[in-house]
Amino acid sequence: MQNHVAKFSRVGFILSAAGAAVGLGNIWKFPYITGVYGGGAFVMVYLVTILLIGVSLLIAEMLMGKRGGADAVSNFQTEAPKGSSWAWTKAGYLFVIGLIIMTFYSVVIGWIFYYLYVAVTGLPTSQKEAEDVFNALYSNAPYLQMALHTLSVVIVGVVLVRGVKNGIEKVNVVLIPMLILILLGLMFYSMGYDSFGKALSFMFNPDFSKLSGEAIIRAVGHSFFTLSIGIGSIMAYAASLPKHTNIFQAGLWVAFLDTFIALLAGVVIFSFLFQFGGEPAKGPGLVFMSLPVIFSQLGGIGIVIALLFFLGLAFAGLTSAISLVEPTVMYLERRWSFSKGGAVFWSSLLYFAVGILVILSISDGFKESFTIGGKPLFDALEFAVDSFLMPLGGILIALFVGFAMKRDIVEGELLGHMGNTVFKIWYFSIRFIAPLAVLFLAYNALKM
Ligand code: TRP
């Protein structure tokens, strides 16, 4: 019996963590930034980062959560050896990044809600029409976007207040396999097109002359983003893990599922896009401009697939959103004795309000007043998250687990699952490769 319980919670954890990782980052953001930054070489940097640094950091963050068993701020305090510097005891505040991400994440979830409506009332039949439908929403419907953003804030809030874990795990058991199935189905369908080969070559044939410094920075930032590293999300999920959970295996699974889904989405989206004569650098509307056309061409069944697809995407987004707010809620409850409802209310209000400004920053008639450094607030926040905040969260965790925590404690958690050689590689990656890579990025970002 004991064994059975342990096994379930391990699978449950992998699915929860995968549910937090698999989100808009995979299906909305990854294809769109791959398009903007020119394809192959960008994808290569993203994959290499996940392999060399991302997986290691994911495991490191799981380790901190499992050992600390509390909110991020407390974990950084209790897991540091006595007399550690002041800075370490404050590093846990990185959970605030989750709310910053939510200011635009929730807006995009709103767009997906809108596409559920589009699926029922009439999908666009041509590339041109698909672009018009999206642009009308994106730049010309601020009040509709605000209503949808509000809906998303409320749904996330309600799930958080009612307690997360069980419900979410159950949804994920159905959801992640369903998304994979739909994407696989679409991929097999697109294999019949000439554009399939073109999509593969766009994504996997690197042309390093297209790789700007900015592209490298965003590829690295995104690989942290997509794995949900660096803000205490994974820590919050890992906080309730039983002692013997194999976090090495869990980390590998989560990274594999997450990367697989992103690549699949990319291939599918670019195949359909190229087939109907679209250009890859479409920006945040890419997924909404490429897939609806094919759904409409499939006829009646296409409407069903469109509904399932956007429903799956909405749920993937919502489960990730929950994990973005959860660390703040956990902190307010534990450290400030907020009631659950109060903690959820105040965290939600914060990102809800900034989300309204984010919407205005892309809306005709308002956008001029909401720019930062020449960029709309929407783009500026996304960019700041990838190029600065995600790397910062990642490096803090790497340095903490690599240098502040005692080696024998870290070894005790992992050696049994990893074996000696893999442990040494992992430890090296945490202590040296990750911090140096991030430093290199910071240096380049400053030069930009
Ligand atoms: N990884 C999620 C996605 O790809 C977003 C996300 C959830 C996230 N939790 C996070 C990003 C924590 C950074 C940190 O959509």
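**View 1. Overall fold of the predicted model.** The protein comes to 19 helices and two strands, taken as DSSP runs (helices H or I of at least four residues, strands E of at least two) numbered from the N terminus. Its radius of gyration over C-alpha atoms is 21 Å, close to the 22 Å from the globule rule (2.2 Å times the number of residues to the power 0.38) for 448 residues, so the protein is as compact as a globular protein of that length.

View 2. A polar contact here is a pair of N or O atoms within 3.5 Å. A nitrogen atom of the ligand lies 2.8 Å from a polar backbone atom of Phe225, while a ligand nitrogen is 3.0 Å from a side-chain N or O atom of Ser323 and a ligand nitrogen is 3.4 Å from one of Ser233.

**View 3. The shell around the ligand.** Among the 18 residues around the ligand (a heavy atom within 4 Å), those that come nearest are Gly25, Tyr105, Phe225, Ser228 and Ser323.

**Notes.** Residues are numbered from 1 along each chain as its sequence is written, and side-chain values use heavy atoms, with hydrogens and water left out. Because this is a predicted model, local features need pLDDT of at least 70 and side-chain atom pairs count only at pLDDT 80 or more, whereas totals for chains, interfaces and linings use all residues.

Technical notes: A polar contact is a pair of N or O atoms within 3.5 Å; within protein, one must be able to donate a hydrogen and the other to accept it, and residues adjacent in sequence count only if both atoms are side-chain atoms.
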